[in-house]
Amino acid sequence: MTPNGILNVTAREMSTGKAKNITIKNDKGRLSQAEIDRMVNEAERYADEDEKQRQRISSRNSLESYVFNVKQAVEQAGSDKLSEADKSSVLDKCNESIRWLDTNTTAEKEEFDHKLEELTRHCSPIMTKMHQQSAGAAGAPGGPGAGCGQQAGGFGGYSGPTVEEVD
């Protein structure tokens, strides 16, 4: 069989030497060249739209990841690391962001980015204070354990797993 789906078969009768050829084509269910060209053109036409969608989903995932990482870090923080007021403030802001995500599933990339920036502005000072408390408890600033609270809490550039929505 050739790569294009055509099979050439020859049958020969040995006593008389008569030969017959038959060609079997696998045309059923195949796309024509025109259909292939149309599909390629559509893919090229929608490439920009696909990229925008990918970026939108990536921004949403970044916001979700940040919310859940902050929430988890605050929930696991002891009262020696974070005051109840700070803890409550961060958890309220995280829960508000989760509700916003649930009700704004079709938001644009810029909206997700803005929400992440807003949440980061609110939570960063509190998270920094919490991590400084952790570093202080582990030893002198800059000593062993300094800054490791930030790594363990999921901050410092780590964005966690990526989840993509499929409609």
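Isoleucine 24 is found in strand E2, which spans residues 19-25. The model is a predicted one. Isoleucine 24 has a relative accessible area of 41%. This value lies between the 20% and 50% cut-offs, so the residue counts as partly exposed. Isoleucine 6 lies 18 residues away from isoleucine 24 along the chain. The C-alpha atoms of the two isoleucines are separated by 5.8 Å.

The secondary structure of the chain consists of two strands and five helices. Read from the N terminus, the order is β-β-α-α-α-α-α. The chain has 167 residues, of which 26% are buried. Among contacts with a separation of 6 or more, 61% join residues 24 or more positions apart.

Helices H2 (residues 47-76) and H3 (residues 84-103) pack against each other. Their axes are 10 Å apart, and the angle between them is about 150°. Angles over 145 degrees count as roughly antiparallel, and H2 and H3 are therefore roughly antiparallel to each other. The crossing of the two helices is left-handed. On the H2 side, the contact is made by Arg60, Leu63, Glu64, Val67, Phe68, Val70, Lys71, Val74 and Glu75. H3 contributes Lys87, Val90, Leu91, Cys94, Asn95, Ser97, Ile98, Trp100 and Leu101. By residue class, the contact of H2 with H3 comprises eleven nonpolar, five charged and two polar residues.

Glutamine 55 also lies in helix H2. Its relative accessible area is 31%. Glutamine 55 is therefore partly exposed, as buried residues fall under 20% and exposed residues over 50%. Glutamate 110 is 55 residues from glutamine 55 in sequence. In space, the C-alpha atoms of glutamine 55 and glutamate 110 are 9.8 Å apart.

The mean pLDDT is 79. A pLDDT of 70 or more is reached by 77% of the residues. Confidence is highest in helix H2, at a mean of 91. It is lowest in helix H5 (residues 148-152), where the mean is 39. Over residues 140-156, pLDDT stays under 50. For residues 140-156, the model has 19 contacts beyond four places in sequence.

Key:
Residues are numbered from 1 along each chain as its sequence is written. This is a predicted model: local features need pLDDT of at least 70, side-chain atom pairs count only at pLDDT 80 or more; totals for chains, interfaces and linings use all residues. Side-chain values use heavy atoms; hydrogens and water are left out. pLDDT is the predictor's confidence in each residue, from 0 to 100. Helices (H or I, at least four residues) and strands (E, at least two) are DSSP runs, numbered from the N terminus. Contact means heavy atoms within 4.5 Å. Buried means under 20% relative accessible area, exposed over 50%, partly exposed in between (1.4 Å probe, protein chains only). Axes are lines fitted to C-alpha atoms, for helices over the stretch in contact, and angles run from 0 to 180 degrees between N-to-C directions. Angles under 35 degrees count as roughly parallel, over 145 as roughly antiparallel, 65 to 115 as roughly perpendicular and the rest as oblique. A crossing is left-handed if the near helix is turned anticlockwise from the far one by less than a right angle, and right-handed if clockwise. Ala, Val, Leu, Ile, Met, Phe, Trp, Tyr, Cys and Pro count as nonpolar, Asp, Glu, Lys and Arg as charged, and the others, Gly among them, as polar.
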